[in-house]
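Here's a quick briefing to read with the structure open in your viewer.

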Amino acid sequence: GSRLLVRDDSLWTPEQTYEALHRHGVTVAAFPPVYLQQLAEHARRELAERGTAPPPVRVYCFGGDAVGDAAFELAKAALRPEHIINGYGPTETVVTPLIWKAGREDRCGGAYAPIGLRVGDRSTHVLDGDLNPVPLGVVGELYLGGSGLARGYLNRPGLTAERFVADPFSGNGGRLYRTGDLVRQRTDGVIEYVGRLDHQVKIRGFRIELGEVEARLRAQEGVREAAVVAGDGSSGKRLVGYVVPAGEEGGGAFVERLRAGLKAALPDYMVPAHIVVLERLPLTPNGKLDRKA
């Protein structure tokens, strides 16, 4: 048989979780992506400072938020599992219609970890705004159908009609759920996450995907975590970037170096007007990045 380790009502710190994984010999564990990254950072420090090997976890699972390439590689290197599984699925599709299972040699191949291949009796479609399939490698919105699809939202007929639409590819009156996630499908069938429709903003008349700016910021040397939000300024909306440095950096020279790196890789209108250095990105009680904090 097996045992299940369930924490109490308190939110364990990564240090507490790390110790519990060791003490109880946990072999499969699931965490939100940002929390898993913090756990990996602690594992790296423990190995460097005390020579402590990571817990004996064979499989780490994450889900509920996008996983950047740097965070994925850090978890793979510091925690050393046999596999890392990215489980994707909105609540409306109950609950994991796609899975990407990565081995020790697998790489993301993009800014974010792929969300994988469909599981079970599900259907996946990458469509444009007119519900037409887009070619392989082209970004579109992900629509999900098949088994497990919710009936709709309780007492919210308008929202139900907006998010649950008739399936144009079904001959039996099926429905599809509009996820609001922007994706593209590779030639091997794997679906890559690109960003959110509701994370698209207009700056100076240009439509910007915040996830693309975040990915560029996260790729800069010395950056461990990054988030980008759009706020209101005196002359309209502007981008603000938040970064957690990987080392001891964090002064004005560090910020200017990041800004220069972004200017070399992005159009001027996509470079954040301000870059703020934080010790840690804020999390919600369930361990996800809190963009409203």
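In which helix is the place of Glu41? Glu41 sits in helix α2, which covers residues 33-50. Keep in mind that this is a predicted model.

**Glu41**
- Glu41 counts as buried, because its relative accessibility is 4%, under the 20% cut-off.
- Leaving out residues up to four places away in sequence, Glu41 touches Leu74, Arg224 and Glu225.

**Nonpolar cores**
- The largest nonpolar core is made up of 28 residues. Those with the most contacts inside this core are Leu21, Phe31, Leu36, Leu39, Tyr60, Phe72 and Leu79.
- At least two residues of this core come from each of α1 (14-24), β1 (28-31), α2, β2 (59-62), α3 (69-79) and β4 (98-102). The largest share is that of α3, with six residues.
- Phe31 is in contact with Thr17, Leu21, Leu36, Leu39, Tyr60, Cys61, Phe62 and Gly63, if you set aside its neighbours within four places in sequence.
- Another core lies apart from that one and has 19 residues, including Val243, Leu258, Leu266 and Ile275.

- Pro33, Leu36, Gln37, Phe62, Val67, Ala71, Phe72 and Ala75 line the largest cavity, with α2 and α3 each supplying at least two residues of the lining.
- By type, the lining of the largest cavity splits into seven nonpolar residues, one polar and no charged.

Methods. Residues are numbered from 1 along each chain as its sequence is written. This is a predicted model: local features need pLDDT of at least 70, side-chain atom pairs count only at pLDDT 80 or more; totals for chains, interfaces and linings use all residues. Side-chain values use heavy atoms; hydrogens and water are left out. Helices (H or I, at least four residues) and strands (E, at least two) are DSSP runs, numbered from the N terminus. Buried means under 20% relative accessible area, exposed over 50%, partly exposed in between (1.4 Å probe, protein chains only). Contact means heavy atoms within 4.5 Å. A nonpolar core is a set of buried Ala, Val, Leu, Ile, Met, Phe, Trp, Tyr and Cys residues joined through side-chain atoms within 4.5 Å. On a 1 Å grid over the protein atoms alone, a cavity is a set of points where a 1.4 Å probe fits but cannot get out, and a pocket is an open set with protein on both sides within 12 Å along at least five of seven lines; lining residues have an atom within 4 Å of a point. Ala, Val, Leu, Ile, Met, Phe, Trp, Tyr, Cys and Pro count as nonpolar, Asp, Glu, Lys and Arg as charged, and the others, Gly among them, as polar.
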